[in-house]
Amino acid sequence: MKLLDKLIIKDFLKTYFFVVLMLILIVLVLDFTEKNDAFIRNKVPASEILKYMANYGLYLNNLLTPITVFISVIFITSKMAGRTEIVAILSSGTSFIRMLLPFFIGASLIGAASFLLNGWVLPGATAGVTEFKTRYLEETKFYNESNIHIKVAPDVYAYISRYYPSGNMGYNFTLEQIRDGELVAKLSADRIVWDTAINSWTAKNWKMRVLHERGEDYTTGDNLDTLLSIRPDDFDLPSNHHETLTLPELSRQIQVLEDRGADNVNYYRIERYVRYMSPFAAVILTFIGVILSSKKTRGGSGFQIALGFMLAFVYIILFLLSRTFAEAGTTYPILAIWLPNVVFAVTGLVLYKTVPR
């Protein structure tokens, strides 16, 4: 079956790229039509629009992969079933699992390409889309953050009541050193400002308490330079910052946030889980698609393609829900992220055992 394997893989990949291209072009045309007035109003250069469209197309490719893989598999398999090719293959003594091999190879190639895109290419495209929207589409920027808790050293914790990125300034700042569960020293300030001349933070109207066995030392002042391991860039980040980092950058950021004891580290962990989970979706959906469409039907492949769309959308909705639950703080976020793949893998095994082949 080596020749037939090559033909199936070729048709599978060719159909996949065609479906991807068509869906992306449709979405890009709709997106351009919707934003055209804003482009004209803000006098956006044509080169910037083309760059935005290219980045957005890469983003859409990742988002639409479950749909495009499923539709491609169902289209190819139903076409083979309509020409009784599958019956001929199985009648020759080839097992159903062996017939699945070229489909699995094609799905694995798509999954591997998806992993590389998600890990190293797509983050840059996502950052480009975010930057373009912020610069040209008049999107409201996040002007302040409140109640920020950061671990700046193994036993030192910082708190800022409210931070304003536009002025690199935070209000109601405290810095506490806690050792063995007891407060050792505490620095309080009305404001903390980033000094660009010396690249450090300056505390305004500060008070310092140092506790020891004989009591405590209390000092105050107007200005105090502090050497904190945080920079303004750590505050002025887009809400989807975790999506704009490559896999190596994501791992380093997780380590930094864990060392600081940051509250938002869970979003970065979940993003890493998602990037390792996503490529397996292509293989699982391919398995289900071949099973559902390998039987010849009188009505042609229309119903099977519609069924493929429906199941692909169900997968995407289940993925979005599971990610929301994981980000909400579930006990086992990695299990929540893998739930769509587990559910569809079990569904595929049930179909394999029950659906006539």
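This is a predicted model: local features need pLDDT of at least 70, side-chain atom pairs count only at pLDDT 80 or more; totals for chains, interfaces and linings use all residues.
A residue is taken as buried under 20% relative accessible area, as exposed over 50%, and as partly exposed in between. Phe287, at 12% relative accessibility, lies under the 20% cut-off and so counts as buried.

The protein chain contains eight helices and six strands. From the N terminus on, the order of the elements is α-α-α-α-β-β-β-β-β-β-α-α-α-α. The radius of gyration of the protein chain is 27 Å, whereas a compact globule of 357 residues would have one near 21 Å. Along the principal axes, the C-alpha atoms occupy a box of roughly 90 × 55 × 30 Å. Of the 357 residues in the protein chain, 42% are buried. Among contacts with a separation of 6 or more, 60% are between residues 24 or more positions apart. The protein chain exposes about 19,500 Å², and 61% of this area is supplied by carbon and sulfur atoms. For the 35 positive and 32 negative charges, the mean positions lie 14 Å apart.

Aromatic pairs were then considered. A pair of aromatic rings is described by the distance of the centres and the angle of the planes. The count comes to 19 aromatic pairs. One of them is formed by Phe12 and Phe103, which are tilted, with 6.3 Å centre to centre and 50° between the planes. Phe12 belongs to helix α1 (residues 2-41) and Phe103 to helix α4 (residues 96-136), so this pair ties together parts that are 91 residues apart in sequence. Both Phe12 and Phe103 are buried.

Phe104 and Phe287 also form a tilted aromatic pair, with 6.1 Å centre to centre and 35° between the planes. Because Phe104 lies in helix α4 and Phe287 in helix α6 (residues 265-293), the pair ties together parts that are 183 residues apart in sequence.

Thr68 is located in helix α2 (residues 46-82). With a relative accessible area of 0%, Thr68 is under the 20% cut-off and therefore buried. Not counting residues up to four places away in sequence, Thr68 touches Tyr16, Val19, Val20 and Leu23.

Technical notes. Residues are numbered from 1 along each chain as its sequence is written. Side-chain values use heavy atoms; hydrogens and water are left out. Rings of Phe, Tyr and Trp (its six-membered ring) pair if their centres lie within 6.5 Å; planes under 30 degrees apart count as stacked, over 60 as edge-to-face and the rest as tilted. Helices (H or I, at least four residues) and strands (E, at least two) are DSSP runs, numbered from the N terminus. Buried means under 20% relative accessible area, exposed over 50%, partly exposed in between (1.4 Å probe, protein chains only). Contact means heavy atoms within 4.5 Å. The radius of gyration is taken over C-alpha atoms; the globule rule is 2.2 Å times the number of residues to the power 0.38. Accessible areas come from the Shrake-Rupley method with a 1.4 Å probe; for residues, only the protein chains shown count as cover. Lys and Arg count as positive and Asp and Glu as negative; His and the chain ends are not counted. The place of a charge is taken as NZ of Lys, CZ of Arg, CG of Asp or CD of Glu.
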